[in-house]
Structures are given as structure tokens and as C-alpha cells.
Amino acid sequence: MAGNAQHGPLDQFAVSPIIQLPNVFGIDTSITNSALFMLLGVLVTILLFVFATRRGTTIPGRMQSLAEVTYQFVHGIVEENAGRAGLKYFPFVFSLFLFVLFVNFIGMVPKSFAPTSQIIVTLGMGAFVFLCITIIALIKQGPVGFFKHFVPPGLPLWIAPIMFLIEMVSYLSRPFSLGIRLAANMMAGHTLIHVIAAFVAPLALFGILPIAFLVFMTGFEFFVAILQAYVFTMLCCMYLGEAIEEHH
Amino acid sequence: MENAVADIASMKFIGAGLVSLGMLGAAIGAGIIFGNAAQGVARNPSAEGQIRKIAILGAVFAEFMGLLSFVLGIMILQG
């Protein structure tokens, strides 16, 4: 299977331009399949929520309760992890959750493409969140208060510089862990499904076994898609909560 | 030494195979997390919601370490 260059399990992650656009200041602005499916994810989200909330009724129908449950779920995550002060950032966190969720879901459709399996996409989101939260923390706590977080109180003086370095590395690795976790999870699931799918045809009648496993794996991948969106959002809220809390 | 190129190609596969041992750590970690979560719920069923939240968060962190070995394997084979 590894020798088959045309249908390797990793070929589904290849990014190819669909509409060629010129380079602007050395940046290729072509619409790739990754960008197309990200736009599709945004479009589906907007259409779904506009359709679900077009008639706000006191007793919600099926679509409206879907939107309301999602809203309340994310509202709960923000309030629990970032406190009431974090609710100011709720619209952004909600958009982030919906984007990750729907792009993950669209990636599960056969023959489609999962942009969240591209490390550059998830790392971009992680780095953006990380930069914003660092700027918020610097404004809220001031430079001295910000760096005080890296040295836990009551530490012997000689160990403080080592602790500062360790905490600094752990702080700076946050965007990478956010990005790589999401991308690796999506990539691992899609690769596994592809590898198992390659067993179906050679096994002839016994191919029913891999098919049964594939059904199970696809269901599990939907669970992972929701879980990863939840974890991404929750970690962002936890980092946000650390940045905006008044007393440590 | 005419087989040097072929040797490097086969070494890549050996390396990727060795990297998959990283899954062992993630498996042990997930086992410890959910085992202790089950124990915690058995001792105090009223704390189930909170324990589940902590367990999922812990499992995600443990899983991430296993997935890092997957990413390393891909990098060895493709890079």
C-alpha cells in the first residue's frame, strides 16, 4: 500500500489550487481545496443558524433548540473556565467552536477535504488565540503582573530562574499543542479509515468485517470531531481565564 | 556500500516502526486516567460530572502525546 503512489492513505491531505489567482506580494492567493472547504464550513454554519433562528419563538422548534443548545453549551464552557468576566469574549469563542466543529464535520463527508487536518490551519488558529490572550493579559495585568505568573509564590530564590524558564517554555508551547492536537487527531482518524478501507476489497466475502469496523470508526470520528472542538474551545477559555482573572 | 541508499530507505521504516512504540505511553496514560476516574465515581457518585470533565481533559492530554508519535512517524516516512 505504501508503494502505491496514487492512493496512499496520506494523499487525501494534499492541497491543490482550484482557482488560480495571482501572487500578491509573494503570497499565493489561489483558492485551494482547503480554502474552499473552510468557506463551505462558514457558509453552512451561517445558513444553519440563520435558518434556525429566523423565527424566534418562545417554545423552540427542532431547529431552534439545536441552535439554543449549542449556544448554551458554549456559554457554559466560557462561564465555567473563564468566569463571568470572560463572557465579554463569548462571541469570538462561539465562532471558534462552530468553525472547528463544522469544518471537522464537513471533513467527515466522503470525498471531501478536512482543512482542520492541515497543521498550518490549526496552528494559525492556535497562534492567533495565543497572541490575543497574551496581549489581553499584558493589558489587564501589566508587564510585571504578567511575568509574576511564571514564578509561583513562596519559591526559594535560587530555584526561581529555573522555574521561570520552565514555565516560559510551557507557556510558549501552548499554540503548538493547541494546533498539533487538533490537526493530528483529524489526520490520524482519516488515515486510519483510509487504511482500513483498503482491506475491504482484497478480503472478498470477509470484507464485511472491515466494513463493520469502518462503520464503528466513522461514528467514533464524529465523536472525536465534537470532542476536539470542545477541547479546543475549553483550552482557549482556560487560557483566557488565566489572562483576565484579577487575583492569582 | 552500494546498498547505502536502500539501507537508509529501510532504516526509515524501522524508525517509523519504533516511533509507534510511543503509543504505549498514551495507552498506559489513558488506562490510568479512566481507571482512576471509575474508582473516583465508585467512591463518590455525586461527583461524576466533575470527574468526567477532568478525565476527558486528562485523556486528551495523554492522547496528544501518543499522536505526537504519529506525527513523528509521518515526518520520518514523508520527510
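**Reading pockets, cores and confidence**

Student: How do the residues of the lining of the largest pocket divide by class?

Tutor: They divide into 29 nonpolar, 11 polar and three charged. Here Ala, Val, Leu, Ile, Met, Phe, Trp, Tyr, Cys and Pro count as nonpolar, Asp, Glu, Lys and Arg as charged, and the others, Gly among them, as polar. This is a predicted model, in which local features need pLDDT of at least 70 and side-chain atom pairs count only at pLDDT 80 or more, while totals for chains, interfaces and linings use all residues. Residues are numbered from 1 along each chain as its sequence is written, chains are lettered from A and ligands numbered from 1 in the order in which they are written, and side-chain values use heavy atoms, leaving out hydrogens and water.

Student: What is the volume of the largest pocket, and which residues lie nearest its centre?

Tutor: Rolling a probe the size of a water molecule over the atoms shows where empty space is left. On a 1 Å grid over the protein atoms alone, a pocket is an open set of points with protein on both sides within 12 Å along at least five of seven lines, a cavity is a set where a 1.4 Å probe fits but cannot get out, and lining residues have an atom within 4 Å of a point. The largest pocket holds about 1,400 Å³ of space (grid points are joined across faces, edges and corners, and the volume is that filled by probe spheres set on them). Of its 43 lining residues, A:Ala188, A:Leu192, B:Met23, B:Leu67 and B:Phe70 lie nearest the centre. H6 and H7 of chain A and H1, H2 and H3 of chain B each give two or more residues to this lining, and H3(B) gives the most, 13 residues.

Student: Which elements make up chain A, and in what order?

Tutor: Chain A has seven helices and four strands; these are DSSP runs numbered from the N terminus, helices being H or I of at least four residues and strands E of at least two. Their order from the N terminus is β-β-β-β-α-α-α-α-α-α-α. Of the 248 residues of chain A, 42% are buried (under 20% relative accessible area with a 1.4 Å probe, protein chains only; exposed is over 50%, partly exposed in between).

Student: Which residues have the most contacts inside the largest nonpolar core?

Tutor: In soluble globular proteins, nonpolar side chains tend to be buried together. The largest core here has 47 residues, and A:Val74, A:Val78, A:Met125, A:Phe232 and A:Leu240 have the most contacts inside it (a core joins buried Ala, Val, Leu, Ile, Met, Phe, Trp, Tyr and Cys through side-chain atoms within 4.5 Å). The largest share of this core, 13 residues, comes from H7(A).

Student: Where in chain B is confidence lowest, and where highest?

Tutor: Where pLDDT is low, the predicted coordinates should not be read in detail. Chain B has a mean pLDDT of 86 (the predictor's confidence in each residue, from 0 to 100), and 94% of its residues reach 70 or more. Helix H1 (residues 4-19) of chain B is lowest, at a mean of 83, and helix H2 (residues 22-43) of chain B is highest, at 92. For the complex, the predictor gives an ipTM of 0.74 and a pTM of 0.84.
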